[in-house]
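Hi everyone, thanks for making time for this. Have a look at the chain on the screen, and then I'll walk you through it.

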Amino acid sequence: MSDSQARVVSIHYTLTNDQGEVLDSSVGGDPLNYLEGAQNIIPGLENALKPMAQGEKTKVSVEPGEAYGEHSPELVQEVPLDAFQGVEKVEAGMQFHAQTESGPRVIVVKDVSGETATIDANHPLAGQTLHFEVEVIETRDATSEELDHGHVHGPGGHEH
């Protein structure tokens, strides 16, 4: 921990890709709250927002290495359809949450042929440069409980 008190930061953001398509946005809903230094959000975005104060706006482009990593071919693999227990019909485009050695991941079914499915465990945004438009709505000092737990508590502090 640095000598400065960690902050809880509330932001409104719009995320677009290189093509300018909006991938995600909090505008019109609740702001996103995160605890600085707790890896609640991708490092490239958090670092860019560190010096910012309440009411400031910025645009940030985050390279894959500071976001969701590069696309890894080894995370694309074929698995037998009977690996999907309890799923009646496995189809391309389906998403599953799986616990892996590196933590929870979203697995996307890319293709189904015969008795096997091709799955991709890369983050859907892996390998992409992410463009954020951000407005800092509010900042406050984190409570000791939040620092202990590594995430935000209280109103609007829902887990993502």
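Let me start with a question: does lysine 89 count as buried or exposed? At 55% relative accessibility, lysine 89 counts as exposed. The cut-offs here are under 20% relative accessible area for buried and over 50% for exposed, with partly exposed in between, using a 1.4 Å probe and protein chains only.

Before going on, a word on where the values come from. This is a predicted model, so local features need pLDDT of at least 70 and side-chain atom pairs count only at pLDDT 80 or more, while totals for chains, interfaces and linings use all residues. Residues are numbered from 1 along each chain as its sequence is written, and side-chain values use heavy atoms, with hydrogens and water left out.

Now the overall picture. The protein chain has 2 helices and 9 strands; these are DSSP runs numbered from the N terminus, with helices being H or I of at least four residues and strands being E of at least two. Reading from the N terminus, the order is β-β-β-α-β-β-β-β-β-β-α. The C-alpha trace spans about 55 × 35 × 30 Å along its principal axes. Of the 160 residues, 33% count as buried. The chain exposes about 9,800 Å², and carbon and sulfur atoms supply 47% of that; the areas come from the Shrake-Rupley method with a 1.4 Å probe, and for residues only the protein chains shown count as cover. Taking contacts between residues at least 6 apart in sequence, 62% join residues at least 24 apart, where contact means heavy atoms within 4.5 Å.

On to the inside. In soluble globular proteins, nonpolar side chains tend to be buried together. Here the largest nonpolar core has 19 residues, and Ile11, Leu45 and Phe132 have the most contacts inside it. By nonpolar core I mean a set of buried Ala, Val, Leu, Ile, Met, Phe, Trp, Tyr and Cys residues joined through side-chain atoms within 4.5 Å. Which elements give two or more residues to this core? They are strand S1 (7-16), strand S3 (32-35), helix H1 (43-49), strand S4 (57-62) and strand S9 (130-141). Apart from this core lies another, of 8 residues, among them Phe84, Ile107, Ala117 and Ile119.

Leaving out residues up to four places away in sequence, its contacts include Tyr13, Leu15, Ile42, Leu45 and Val60. Then try leucine 130, which is found in strand S9 and is buried, with a relative accessible area of 0%. Leucine 130 and asparagine 17 are 113 residues apart in sequence, yet 5.4 Å apart in space, C-alpha to C-alpha.

Next, the strands. An open sheet of 4 strands has the order S5-S8-S7-S6 with antiparallel pairing; two strands pair if DSSP finds at least two bridges between them. Strand S5 (76-80) and strand S6 (95-100) stand at the edges with a single partner strand each, so one side of each has no neighbour in the sheet. S5 runs antiparallel to strand S8 (residues 116-120), and 5 bridges join them; glutamine 77 has isoleucine 119 in S8 as its bridge partner. Elsewhere, 3 bridges join S1 to strand S2 (residues 22-25), again antiparallel. The hairpin of S1 and S2 has 5 residues between the strands, and glycine 20 there takes a positive phi near 85°.

Last topic: charges. How many salt bridges are there? The count comes to 3, taking a side-chain nitrogen of Lys or Arg within 4 Å of a carboxyl oxygen of Asp or Glu. Arginine 7 and glutamate 36 meet at 2.9 Å, N to O. This pair links distant parts of the chain, with arginine 7 in strand S1 and glutamate 36 in the loop between S3 and H1. Arginine 7 counts as buried at 15% relative accessibility, and glutamate 36 is buried at 10%. Glutamate 146 and arginine 140 also meet at 2.9 Å; glutamate 146 counts as buried at 1%, whereas arginine 140 is partly exposed at 31%. And our opening residue, lysine 89, pairs with glutamate 91, with the closest N and O atoms 4.0 Å apart. Glutamate 91 counts as partly exposed, at 39%.
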